[in-house]
Amino acid sequence: MADVELVTKSNPNEATQDRTRCAVANAITNHIHRFNNQNTHFDPLVRFCSTAEDITRKFLKENPNVLVLKSDKGNKTVLMDAEEYKQKMKELLQDNQTYKPIDKDPTLRFERQNNSLVKRLRNLDLIDDRTAKELTKYNAVCPRIYGQPKAHKPGLPLRPVVPNVTAPSYNLSKYVGKILQQSLVSSYNVQDSFTFCEFINGVTLPDNHVLISLDVKALFTSIPKPLVINSIIMRWDEIRPNTNICLDLFLEIVGFCIDSSYFKFDGQHYAQIFGTAMGNPLSSHIADWVMEALLDNVLRSLNIPLPFLKKFVDDLVTAIPLDQLQHVLDVFNSYDIHIQFTHELEVDNQLPYLDMLLIRQNNQTVKTQWYQKPIASGRFLNYLSFHPLKQKLNMAKNFAKRVHLLSTDLDMQAKQVIVEDNLKLNGYPTSLRKRIANRMNERENSSTVGTQPIQHAIGSQPTEEHLEHTYRSIPYIKHLSERVDRAIGREYPNIKLAKYNINTVGNLFSRIKDPIALDDQNNVVYHIPCSNCPACYIGMTKNRLKTRISGHRTLYNTMDRLLEQGADNTDPRMASLSERTALMQHSIQENHRFDLKQVKILEKVNKTQNLQFLEMCHIARNRHSINRRTDTDGLHAIYAGILHEIEKASKTRIANEIGNVENDNNTQTPPHTSM
């Protein structure tokens with residue numbers, strides 16, 4: 001409802017808004033009725049998934065020592081003992097060359113430094129007001145590190161990841177990273193698998209050359225800050241056209257973004273004193289510039305010419321004479337003591353790179369095949385998953401496209417076998433698999449690598465009108481989201497709805513990051529109960545919750561001082577205090593107290609535009625709310641009926657669950673007997 005309300009308000013015409021609301025409200029109400037009528041609208045798949053989810057959650061609740069984690073690569077699920085995970089993380093953080101424990105949370109200090117830099121940029125007219133507002137950070141929260149198991153390596157080592165979305169310098173890091181990205185014109189970079197496939201299929205290697213790939217060990221945490229600074233200084237002429245910021249200030253900002261790498265694990269705060277973190281939006285761009293300088297240096301230092309040299313982040317591929325392997329490794333590893341490479345040579349004339357297998361032919365040309373690493377689970381979007389059908393069809397078409405375009409060494413029948421096996425593994429029906437195979441056959445004669453005909457045959461068909469659309473997102477609820485999409489499409493033809501899933505497999509994964517304290521959460525709708533009656537107060541805040549609660553506490557302190565001075569309800573000062581919030585009005589008029597230690601979060605949102613609407617919904621739903629009537633004036637009357645239906649459905653569901661539990665308890669299973 002909140003997402004739809006955002007869409008309706010994009011058109012100032014109130015009649016259009018009301019028609020859309022009515023159509024959406026009707027769709028939601030009918031969906032609730034169908035959902036409640038389980039005897040006539042029963043989906044065995046929904047029941048199976050719901051039961052499986054309940055069993056899984058029950059098992060994990062009863063076995064808190066079992067962690068369910070997503071692997072670093074291969075889309076595998078890893079089960080790990082909680083103590084083992086904790087021990088491995090602590091071993092990682094004991095690397096005193098990279099991490100250092102710190103006594104207190106530096107978030108506020110970094111937040112002030114970030115905002116000070118942004119203010120300087122604005123005062124110097126280097127950014128506009130809008131950019132300054134975007135880069136200024138409030139209510140930052142300390143990032144929380146976690147580890148992803150490397151399922152492809154013995155012993156399941158962990159890869160540390162520090163999500164920096166809540167960090168003070170996140171937006172500034174993105175801004176600087178975008179400047180670096182726009183400035184880099186590289187002859188080494190691989191844009192994507194398709195362009196690399198087209199390139200490598202036109203390469204003929206010199207005699208006695210073999211294919212080799214190189215990979216940096218833990219690149220992000222291995223990059224020294226002086227190396228970053230030097231790389232930027234040496235190539236400042238390439239960066240300068242993309243920014244008004246002078247070199248000194250630019251280096252100061254980059255240095256701050258690197259130095260403000262910190263995180264929390266198991267209640268302890270750490271500073272990253274070397275390298276950058278995976279999860280920092282600046283890290284990949286810094287790595288790109290450092291690798292660019294490294295490769296320039298390597299090419300100058302090698303005794304042999306390389307027929308080609310390509311990279312994707314830190315994954316390099318080239319060809320060398322086999323007897324020069326040690327020399328090549330020595331040159332690569334001599335650039336900086338901290339940046340060291342591992343290598344992989346071709347085996348039987350084959351070398352995996354990205355999602356391709358490079359195959360060196362007898363005539364020294366290179367052909368490719370679509371490739372999946374042995375560690376890969378083979379799982380992608382299952383046909384029976386609760387996603388829009390269009391998403392699943394596009395996934396199948398794009399998979400066929402990848403196999404077809406990347407497999408220059410296979411005939412059409414072999415490609416079709418790969419597509420058939422993988423789609424079948426993920427539940428795609430025979431009719432769809434055959435249709436995709438037929439389309440691949442129809443266009444094979446006219447298609448070439450990277451050309452448009454094959455994309456029309458088995459991929460999406462881009463049109464210019466797509467560029468004119470505005471995209472909004474709504475959650476995907478089977479049958480309901482399709483009806484909402486049609487209702488909005490009739491009145492808002494320029495708006496396209498992207499559907500996101502609420503229930504995902506990821507919801508079952510263990511919560512391994514340190515939880516954010518209730519008081520530190522922001523963008524929330526909250527609930528405070530009255531200590532003396534069933535009444536409650538519902539509010540919202542974009543700031544930290546503790547800041548908002550502190551405001552309520554300050555009002556209580558003021559009231560207590562007035563009471564100590566002999567003021568009563570008729571005192572103008574008390575009346576003025578009563579007007580501040582409905583919470584104070586109830587407290588003064590009824591002589592009650594709200595329990596500020598029993599605050600509960602009702603909603604936490606990413607879209608701050610939804611916050612006020614959701615607050616109004618919760619106020620309207622809760623019959624014990626003491627919020628003023630004006631607090632829900634912005635809630636359209638059409639939503640009152642839906643909220644009533646939601647409340648009825650919720651009570652019915654709870655009653656049914658209680659009845660089922662009682663029936664299970666009263667039912668005695670007869671003993672098994674032989675006939």
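**View 1. The stretch annotated as "domain: Helix-turn-helix" covers residues 379-435.** The label comes from an unreviewed UniProt entry. The model shown here is predicted. Over residues 379-435, the chain is 67% helix and 0% strand.

**View 2. Strands β9, β10, β6 and β11 form an open sheet.** Strands in a sheet pair through backbone hydrogen bonds, and the pairing can be parallel or antiparallel. Here the four strands follow the order β9-β10-β6-β11, and their pairing is antiparallel. Which strands stand at the edges? They are β9 (309-312) and β11 (341-345), and each pairs on one side only. From one strand to the next, the twist averages 30°.

**View 3. Strands β6 and β10 run antiparallel, with helix α12 packed on their sheet.** Strand β6 spans residues 209-216, and strand β10 spans residues 315-321. Seven bridges join the two. Look for Asp215: Asp315 in β10 stands opposite. Helix α12 (residues 283-301) touches β6, β9, β10 and β11. The direction of α12 makes about 165° with that of β9.

**View 4. Three strands form an open sheet in the order β12-β13-β14.** The pairing is antiparallel.

View 5. Tyr353 has Met356 in β13 as its bridge partner.

**View 6. Helices α19 and α21 come within 11 Å of each other, axis to axis.** A packed helix pair is described by the angle and the distance between the two axes. Helix α19 covers residues 545-564, and helix α21 covers residues 582-590. Their axes cross at roughly 30°. Angles under 35 degrees count as roughly parallel, so α19 is roughly parallel to α21. The crossing is right-handed.

**View 7. Side by side, α19 and α21 meet through residues from both helices.** From α19 come His552, Leu555, Tyr556 and Met559. From α21 come Leu583, Met584, Ser587 and Ile588. The contact residues of α19 and α21 divide into six nonpolar, two polar and no charged.

Conventions
Residues are numbered from 1 along each chain as its sequence is written. This is a predicted model: local features need pLDDT of at least 70, side-chain atom pairs count only at pLDDT 80 or more; totals for chains, interfaces and linings use all residues. Side-chain values use heavy atoms; hydrogens and water are left out. Axes are lines fitted to C-alpha atoms, for helices over the stretch in contact, and angles run from 0 to 180 degrees between N-to-C directions. Angles under 35 degrees count as roughly parallel, over 145 as roughly antiparallel, 65 to 115 as roughly perpendicular and the rest as oblique. A crossing is left-handed if the near helix is turned anticlockwise from the far one by less than a right angle, and right-handed if clockwise. Contact means heavy atoms within 4.5 Å. Ala, Val, Leu, Ile, Met, Phe, Trp, Tyr, Cys and Pro count as nonpolar, Asp, Glu, Lys and Arg as charged, and the others, Gly among them, as polar. UniProt positions are given in the numbering used here, feature names are shortened, and annotations may be inferred rather than shown by experiment. Two strands pair if DSSP finds at least two bridges between them.
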